[in-house]
Amino acid sequence: MSNASGASAGTPSGYLDAASSEPLHPAARDVLSAALERGYADPRRLHGPGRDARLLLDNARAVVAEALGVRADEVTFTSSGTEAVHRGLLGLARARERAGRRLPHSAVEHSAVLHAARWGGDPVELPVDRRGRVRMAALAEEVAAPGTAVLALQSANHEVGTVQPVAEAAAAASASGVPVFVDACASMGRLPLPEGWDAVAGSAHKWGGPAGVGVLVVRKGTWWVNPFPGDDRVDERAGGFENVPAALAAAAALRAVVAERDGVGARQRALVDRVRAAAAAVADVEVVGDPIDRLPHLVTFSCLYVDGEALVTGLDRRGFGVASGSACTSSTLTPSRVLEAMGVLTHGNVRVSLTRSTSEAEVDGFLAALPDVVGDLRAEVGL
Amino acid sequence: MTDDRAGEVAATPADLELDCRGMLCPLPVIELARHHTEVAVGGLVALVTTDVAAATDVPAWCRMRDQEYAGAEAAPDGAVRHLVRRLS
């Protein structure tokens, strides 16, 4: 068993972008190298190496199921979180073709959900409040509207950390017989799954597993129809040759993350509270997202009069890696739809997200650098 | 006879007009911060922008700086004219 508080070898200090990708968990690294030796064969074949690979794949499925508190036959491995989102949402929508094409979703969903909704139905955007939480009155009205196929609601927001009221939303949807797809990529492993979903998606590299592994869970008894060409794999919901070693490593990481989440989460919450207080103390900085009902490892704030790209670059120069939802840091030069939907400042935006081994000293170093970097950039424009 | 001004809404008179067409965020908000005190308290500043982020950032600035966001209107060339009332 690895030491929960020990720094991961190879992760440079100052990496504060775990929400984009968490460094590989030590538990995953050990399993991955062993599984690469044993898990190369086609798990459908009836020879020894095939049976070996099948054993590893089934084991991965069982471990993920146990960590999430679901049945093993509800778990499908995909090639990414995005693919899990696509298969989850679109598979539920396909099964509801006769009910209609409307796909209500919160305005702050990940782009994977938005692209899938546009591709496979008629998206209906649900407004959020200033903290990024979906407005329940609008949601209840839209799920009850005729022609509604599926409700899509994230477990927690990937940019600002706000936890969504999934159980309450699911109760409203279920009253109208509408199934619920939950994008849990931001929270899987870090928080227990919410109640009420029919299909849920996760992404291994966001909890410390390897990239290239997504998890789709479809509740037993849920009507799901493959929205893509079928395949003849071990699992009817999957397409393509399974990455068996990576799935097993992802499962090992998830089990470890769930086992240590109370301790790691409490430590991260304390550090995030410190970031929130220190950032809010800088003049003209607004901390956004729910202060309490939130992801444990992530905090977002916006600094007036500062270019987001310059802020990210300035912090990087001092050794701190953060993300930004500002327009100038996006490939499309449009601001973060999440910040826009919340009605909070989109420029000068910084998202800090802690890895499981981010130390107090790293956070303090970041907080010492922040006012200087912001102050220098403001001085350049005479403010 | 057709009315040439059909569909055109007269611009709300402002005490200061800041033309920020072509500027990207955060420049329009920086211009607003630099110049809004040039009008008297109660006066109206019009900030004309083509930057899509301004639609979120100008109201957010007003909230953070305790000023009043008095709405937006379309300029004849398609730019957006944001109205800000100085409260302090």
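Two strands pair if DSSP finds at least two bridges between them. Helices (H or I, at least four residues) and strands (E, at least two) are DSSP runs, numbered from the N terminus. The structure is a predicted model in which local features need pLDDT of at least 70 and side-chain atom pairs count only at pLDDT 80 or more, while totals for chains, interfaces and linings use all residues. Residues are numbered from 1 along each chain as its sequence is written, and chains are lettered from A and ligands numbered from 1 in the order in which they are written.

**The sheet of chain A**

Strand β9 (residues 298-303) of chain A pairs with β10(A) in the antiparallel sense, over five bridges. In this pairing, A:Ser302 is opposite A:Asn349 of β10(A). Both strands belong to an open sheet of three strands in the order β8-β9-β10 (chain A), with antiparallel pairing. Its edge strands, each pairing on one side only, are β8 (285-288) and β10 (349-353) of chain A. From one strand to the next, the twist averages 25°. Helix α7 (residues 244-281) of chain A lies across β8, β9 and β10 of chain A and runs at about 150° to β8(A). Axes here are lines fitted to C-alpha atoms, for helices over the stretch in contact, and angles run from 0 to 180 degrees between N-to-C directions.

**Two helices and one residue**

The axes of α7(A) and α10(A) cross at roughly 10° and come within 11 Å. Residues are in contact if their C-beta atoms, placed from the backbone, lie within 7 Å. The residues that make the contact of these helices are tabulated here.

| Helix | Residues in the contact |
|---|---|
| α7(A) | A:Leu271, A:Arg274, A:Val275, A:Ala278, A:Ala279 |
| α10(A) | A:Glu360, A:Val363, A:Leu367, A:Leu370 |

By class, the contact of α7(A) with α10(A) has seven nonpolar, no polar and two charged residues. Ala, Val, Leu, Ile, Met, Phe, Trp, Tyr, Cys and Pro count as nonpolar, Asp, Glu, Lys and Arg as charged, and the others, Gly among them, as polar.

A:Val363 lies in helix α10 (residues 360-380) of chain A. A:Val363 is buried because 22 other C-beta atoms lie within 10 Å (buried takes 20 or more, exposed 12 or fewer, and partly exposed is in between, with C-beta atoms placed from the backbone). Beyond its neighbours within four places in sequence, A:Val363 is in contact with A:Leu271, A:Arg274, A:Val275 and A:Thr358. A:Leu16 is 347 residues from A:Val363 in sequence, and their C-alpha atoms are 8.7 Å apart.

**Domains of chain A**

Chain A is divided into domain 1 (26-256) and domain 2 (261-380), with bounds from an automatic or database domain assignment. Their centres, taken over C-alpha atoms, are separated by 28 Å. In domain 1 of chain A, 20 residues are in contact with 23 residues of domain 2 of chain A. The domain 1 side comprises eight nonpolar, seven polar and five charged residues.

**Chain B and its interface**

Chain B has two helices and four strands, in the pattern β-α-β-α-β-β along the sequence. Of the 88 residues in chain B, 32% are buried. Contact with 20 residues of chain A is made by 14 residues of chain B. On the side of chain B that touches chain A, α1 (27-35) and α2 (54-64) of chain B each supply at least two residues. The most come from α2(B), with six residues. That side has twelve nonpolar residues, one polar and one charged.

Note on methods. Contact = placed C-beta atoms within 7 Å.
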